[in-house]
Protein chains: 2
Amino acid sequence: MAPGFVQGNLAILPKAIAGDFLRFAQLNPKPCPIIGTSAPGDWRIPELGEDLDIRTDIPRYRVWKNGEIVAEPENIKDVWRDDLVAFVIGCSFSFEEALMADGIEMRHIKLNKTVPMFRTSIETKPAGPFHGPMVTSMRPMTPANAIRAVQITTRFPSVHGAPVHIGKPEMIGIKDIMKPEWGDGVPIGDDEIPVFWACGVTPQSVIMTAKPDFCITHYPGTMLVTDRKNTEFAIM
Amino acid sequence: MAPGFVQGNLAILPKAIAGDFLRFAQLNPKPCPIIGTSAPGDWRIPELGEDLDIRTDIPRYRVWKNGEIVAEPENIKDVWRDDLVAFVIGCSFSFEEALMADGIEMRHIKLNKTVPMFRTSIETKPAGPFHGPMVTSMRPMTPANAIRAVQITTRFPSVHGAPVHIGKPEMIGIKDIMKPEWGDGVPIGDDEIPVFWACGVTPQSVIMTAKPDFCITHYPGTMLVTDRKNTEFAIM
């Protein structure tokens, strides 16, 4: 969908805990890179799209109360509140495009699967009610491509940036590389090493653990498509 | 010796094959990064030091004829010729300083050994009489430090730049990681991976293979100390 344009994960939280979440993001920029925020009660995020309305511009939402899904509507006009703050979080689609443009194969895309994602033993830095393990996504590649991928993704700090780990899954608490907690297992060749990036599922998982009395996220797979180009997010 | 200042390997070749060597360097910038050259017959290289005299400014030299060492003098005024071209080749000391400044341990330095260097199955791109395998140096580090090391050394393309390989020695033809062809073996921890950089021994080895009728190199361990700072060589 919309190749070339930045997509983002959505988290909408009441103002009462939005400050803690922003501090969590500041402390954990690799798993939780915020690319846009709204003012409390405001559904606009002009830095991501001039006419963006965060209540209607995502195909489907999930509304949560105390950690339980209570609705999956196609817009959130009815449940919008004056104290809600929207956060849009960068996503690996942006850096994957840059890697593929350089000729590096994304195994999960080639196999038409979802990228494998793993809960790790790396702890995020806590802020208020938000805490928990970092989730990583894994892409197998040759050593030469892994080195190139570090260089390329370093240029994109606002969409997870450089890898957080390389080569030894057991060092970050991963028991079976073919059994990810989210997404699909993908084969790793004898001439390849697994490369791990901090993943946007981390803030989702952390919010679910915090069980806020109210929050809204995007429905899995239907992210926000912004008006910003992936290439704009390269720092050099 | 002279911390903070760029050191370089020396190769002095007759003009007849200097062009081929320059082309070899252009084709293989990672193992053969040239940081200074003289005009034919000229012993000055002002870009590396205003009052530099390449005939006297190295503590000891090696003079070669047809691939054999014929002398190891402390200066080369007597053997200097009007057709000689001097090449100074960047060295890993410069990037090691940047890595250590970032808190990354150099195992061989900690153990007071010479960095382990391996002949690999990676072929250099040939030019004229110059051809042969790439030699790499190896430094063990944790995965997180390996990622950081890719970022840091990418900033120093003129002193070998980013690693050429990471993690799987057998993929580049290395049979026993504890038995390097040059330097000393160093232990690799269970939580570490070997990281390989292109090494300045490559051009030395390639020149020895070409057996030019005449050439001069520095005596091992006595390199040229320049007036340039290591930090000047960072591209960003």
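Modeller: Before we start: two strands count as paired if DSSP finds at least two bridges between them. The model is a predicted one, where local features need pLDDT of at least 70 and side-chain atom pairs pLDDT 80 or more, while totals for chains, interfaces and linings use all residues. Residues are numbered from 1 along each chain as its sequence is written, and chains are lettered from A and ligands numbered from 1 in the order they are written.

Colleague: OK, so which strands form the open sheet in chain B, and in what order?

Modeller: There are four, running β6-β7-β9-β8 in chain B, with antiparallel pairing. Strands here are DSSP runs of E with at least two residues, helices are H or I runs of at least four, and both are numbered from the N terminus.

Colleague: Which ones are the edge strands?

Modeller: β6 (117–123) and β8 (165–166) of chain B, each of which pairs on one side only. β8(B) pairs with β9 (residues 193–198) of chain B over two bridges, in the antiparallel sense. In that pair, His165(B) sits opposite Phe196(B).

Colleague: And what packs on the sheet?

Modeller: Helix α4 (residues 143–154) of chain B, which touches β7 (133–141), β8 and β9 of chain B. The direction of α4 makes about 20 degrees with that of β9(B); axes are lines fitted to C-alpha atoms, for helices over the stretch in contact, and angles run from 0 to 180 degrees between N-to-C directions.

Colleague: Switching topic: how many residues of chain A are in contact with chain B?

Modeller: 17 from chain A meet 17 from chain B, a contact being C-beta atoms, placed from the backbone, within 7 Å. On the chain A side, α4(A) gives the most, with seven residues. β8 (165–166) of chain A also gives two or more.

Colleague: Why do you say the copies meet through the same surface?

Modeller: Because 100% of the interface residues of chain A are interface residues in chain B too.

Colleague: Last one: what domains is chain A divided into?

Modeller: Domain 1 (5–90 + 203–233) and domain 2 (93–201), with bounds from an automatic or database assignment. Their centres, over C-alpha atoms, are 23 Å apart. The contact takes 24 residues from domain 1 of chain A and 25 from domain 2 of chain A.

Definitions and conventions
Two residues are in contact if their C-beta atoms, placed from the backbone, lie within 7 Å.
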